Structure formats: structure tokens, C-alpha cells
Amino acid sequence: MTFDDPGFLLVTALVVLVVVGAHARHAHRRRRLGDFFGGARGATRVSASGLYGARSGRLLLLGLATLALGLGAAGPLRSPPGTPAPAARAGSAVIAVDVSVSMQAADVRPTRLARAVEAAESLLGGLGGTRVGLVLFAGAGYTLTPPTNDPDVAAFFLEGIGPTVMSFQDPGSLLTAGIGEAARLLISEGGSAEPAIVLITDGESGESEEAVLEAVRAVAARGIAVHAVGVGTSRGAEMSVSGAGSAGALVRDRTGTPGVSRAQAALLQRVADAGGGEYASASDAAALRRVRRAAGSGSAPVMTTPLEAAGADTGFVLAGAGLLFLLLESLVELKARQRAWTGPARYP
């Protein structure tokens, strides 16, 4: 079994140790209290639950809850039984980030662009072994870095993406521009296994849907998968621009009315379908992991558990199990208290 975020395993181990230590300390204090009342015989006069019991049931449930929650947070991945180990392959992926003016909308906090950068960083963190490039696009596509084996290069350029990166000479958005620039980089690579494009955008475009899908199909015909990550909401928000003396100025239409940008999730889903890829909302961590695994499949196997095949995220199931153990532990404690309150009085 492998994990998306193995660092959580160490945190889980530390928390388990803390739980065990806290339980041991609590048991020690209970024993000291029992000794104060004169030992086991005296303690039964004041506590029907007993002060010398090991209470191992509670410790077991708390330990299982901590372990399940920690493993769920680590993002477990497991190949189905009988899945052969794939041969090592060199894969390439290009992350294309929309920096048009609509990405300044704040229907997701702090802005769509900031959330897009966070999604790109999350994707980049799980593409180890895959050559990764970075493209920005609005009305045209701009290469920040071609596919490289060094993920720190792309991470460095991501840090510089902010509100002022949008050019006032190129405020519009053409999805075909981002797709075309990313495809050019991948085609120039030549010979990479299962190349992929990941579009991170709100889906608003100054071109017809058919033009966008035609561009996606042309890229897919060359063996390049197209994945899409949607940013923003369908209710939309007004847009503001920064820089060039227009800090915080609202974008208005010809009548002076503030323009409202609405995310186009349905279009992005069709883009992913036409490109043989995955679609994810930037706010859906489980879906983002699926995009990340699919985009990196040229260098690592796509690990799918039976639960994921049935539409359930393994981490979510483990987290649910952890909460169930916590509930059972609470019920055990409640039952013990009820026994203490309603148990028969004991006298020497």
C-alpha cells in the first residue's frame, strides 16, 4: 500500500503514542485516587465503576480511531489484487493555469486565481517521476517552463503567480490557447509515455464550445489526455483588476454595469470527456487526487481500490471508520457512568 501524503503516517504514530501516554497517566491518577480512599475496598464505596480497572476497551477504541483517521488523512492507495507491476515509463504533463481577468473573481476565497495556484501546487506535489511543465494562458498561451524532471522549477514559477500577472493587453480567455500551447510543449518532447494536459480554469472562454471541444479532440487524437480542474462557482461573482493604476477596480460592461463571471463546470466536464481525462473541482480533494494520479500515469500506476471503483474514496471511508470508533468509545464511557450512577450502594 502507498500513500499520497506519507508524512501523516509519522503524525499518526505520534498521536497514538500521545493517546497511550495520556491513558496511562489517567489510569495512574485513578489508582492514586483509589489509594487515597484506602485501596480497592475503600474505592468501591465511592465509585461503582472502580478505580483500578485497566479500561483497555476505551484505549483500544481510541487507538483504532486515531489510526483510522491518520491513515485516511494520508490518502491510502492500493492496487487491486493480481495487478501486475507496471514497467517504469517516462511521462510528461503540462499544467495550464488560466490567468484571465475572470480568475480575479472572489466567489471562492481568496480568489479563483489563488485557488487555482493552490490546486496546481497540490497536483505538482504528487507528480514525482513525471516531467512537468507549466503554462499560463488568457487570450494567448505563455510557457513558463517546458517539461522538466525537477519539480522545484515549476514550484518556483507557481510562487510568482498573483493578481498582477494578468496583462491588461490580454485580459480575455481562450481555452484553445492554453490547450494549444501545452500540446506544443508535449509534442516537442516526443516519445513520452501517456502525455497529459491539466487545464486549471473557470471554464469561461470567448469562443464557442464546439471550437474548444474540437481543439481537445485534435489533441486527444495525438495521444495526449486532457484533464480539467474547475475553479469558481455557478453563482459567480464580480471581477476586479489590480495594477496599472486600477487597483481593485471592478470590471464593467459597456453600460457601466459590473460584469459577473460564472464558472462553467459542465463545459469542463465535457472537455475532460472529449480528452479522455478526468474532471475535478478545485475544492474536491478526492477528485484532485484522481486527476493527479491520472496525469502522472506515465510514470506510476493508477492505484484504484475496489472502494474507489465503486465511487467511494478510501480516505473518506477510513475517516468515517475513525469517527465510528470515537462514537463507540463515547458510548462505552457513557455506559460506565450510568453503571456508576445507578449501581447498588456498597458498604464495608
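Is F156 buried or exposed? With a relative accessibility of 56%, F156 counts as exposed. Before I go on, keep in mind that this is a predicted model.

Okay, so F156 has a partner. There's one aromatic pair in the structure. Its members are F156 and F157, and because their ring planes sit at 75°, with the centres 5.6 Å apart, we call the pair edge-to-face; planes over 60 degrees apart get that label. F157 comes out at 32% relative accessibility, so that one is partly exposed.

Now let's go to a loop. Between β3 (91-98) and α4 (112-125) you'll find P110. The peptide bond joining R109 to P110 is cis, with omega about 0°.

Next, something on the inside. T201 belongs to strand β6, which covers residues 193-201. T201 has a relative accessible area of 0%, so we call it buried. What is T201 in contact with, leaving aside neighbours within four places in sequence? The list is D98, M103, F137, L175, V229, G230, V231 and L268.

Last stop: helix α9, residues 285-295. Nine of its 11 residues are buried, so the helix is largely enclosed by the rest of the structure. Among the buried ones are the alanines A286, A287, A294 and A295, and the arginines R289, R292 and R293 are buried as well. L288 and V291 are also on that list.

And what caps the N-terminal end of α9? That's D284: one of its side-chain oxygens lies 3.2 Å from the backbone nitrogen of A286. A286, remember, is one of the buried residues in α9.

Notes
Residues numbered from 1 in each chain as written. Predicted model: local features only at pLDDT ≥ 70, side-chain atom pairs only at ≥ 80, totals over all residues. Heavy atoms only, no water. Phe/Tyr/Trp six-rings, centres within 6.5 Å; stacked < 30°, edge-to-face > 60°. Buried < 20%, exposed > 50% of the residue type's maximum accessible area, 1.4 Å probe, protein only. Helix = DSSP H or I, 4+ residues; strand = E, 2+ residues; numbered from the N terminus. Contact = heavy atoms within 4.5 Å. Polar contact = N/O pair within 3.5 Å; in protein donor to acceptor, adjacent residues only side chain to side chain.
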